[in-house]
Amino acid sequence: MTYSPQDALTLTPIAYTRSCFSDKFGVPRQPGLTRFARADLVIEAPFDREDAFRGLETASHLWLTFQFHEAVREDWRPVVRPPRLGGNRKMGVFASRSPFRPNSLGLSVVRNEGLCRKNGQLVLQISDHDLIDGTPILDIKPYLPFSDSVPEATLGWADTPPTDRMAVVFLDEAATQLQNLPADRYPQLRELIGDVVSYDPRPSFRRGRDEDRIYGAHLYDLNVRFRFVYDNGGERVEVLTVC
């Protein structure tokens, strides 16, 4: 079927995300993998009216439709390599949740932390999310437990949550730096870092390797530096600095 330009769908962002995740590296591969991830959805005009959100305070969780704005491409590929399969097996793009999709749209369930105003801007606060800073939010809907939860649902190649987590050790310098950071500006930062690095955010082809390389993940306005260690004491992630 051929579509004319008049058939094009125009989407207007409702909000833009202020996230603890400054870039893609280190972002959980699914929402809900860390309850310590927080973000503000800054509502855009003309949607920045409390009336438009009346009743949303009763919803514990929300559906967000958003754009993978850093994954937009002119072309698309019919198959992808999901990290869950080690990056070695191909799946159809529509059988995956890859950000590299024809329309670059994402869908996430997040925890509702309430509506407020900050510096005159209407803000919807969320947690348990997987959104990077600047993500455009295209729609917001309440999560309905009686219809949206399907306990018997299956996906053959990704039926269970990821459970392989590495032990995390904060070295003295990192621990001291964390103690000196204001908790109101960086809420539960130590726990957030632990969740982010324990799931091993490296590309699939680097996982399980003993390497001297030092990695960095940007959380808020901080650079968290860490390395992966494999020795007789087992495998672990060492957090070196948080600054």
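This is a predicted model: local features need pLDDT of at least 70, side-chain atom pairs count only at pLDDT 80 or more; totals for chains, interfaces and linings use all residues.
Local features need pLDDT of at least 70, side-chain atom pairs count only at pLDDT 80 or more, and totals for chains, interfaces and linings use all residues. Residues are numbered from 1 along each chain as its sequence is written, and side-chain values use heavy atoms, with hydrogens and water left out.

Helix 3 spans residues 189–198 and is mostly covered, with eight of its 10 residues buried (buried is under 20% relative accessible area, exposed over 50%, partly exposed in between, with a 1.4 Å probe and protein chains only). Helices (H or I, at least four residues) and strands (E, at least two) are DSSP runs, numbered from the N terminus. Leu192, Ile193 and Val196 are among the buried residues of helix 3.

As for rings, those of Phe, Tyr and Trp (its six-membered ring) pair if their centres lie within 6.5 Å; planes under 30 degrees apart count as stacked, over 60 as edge-to-face and the rest as tilted. That rule gives nine aromatic pairs. Trp76 and Phe94 make a tilted one, with centres 6.3 Å apart and planes at 40°. Trp76 is partly exposed at 46% relative accessible area, while Phe94 is exposed at 64%. Tyr215 and Phe226, by contrast, are stacked, with centres 6.2 Å apart and planes at 20°, and both are buried. Phe25, Tyr215, Phe226 and Phe228 form one aromatic cluster.

Charges turn up over rings too (NZ of Lys or CZ of Arg within 6 Å of the ring centre and within 35 degrees of the ring normal). The charged end of Arg202 sits over Phe228, 3.7 Å from the ring centre, and Arg190 lies over the face of Phe170 at 4.2 Å.
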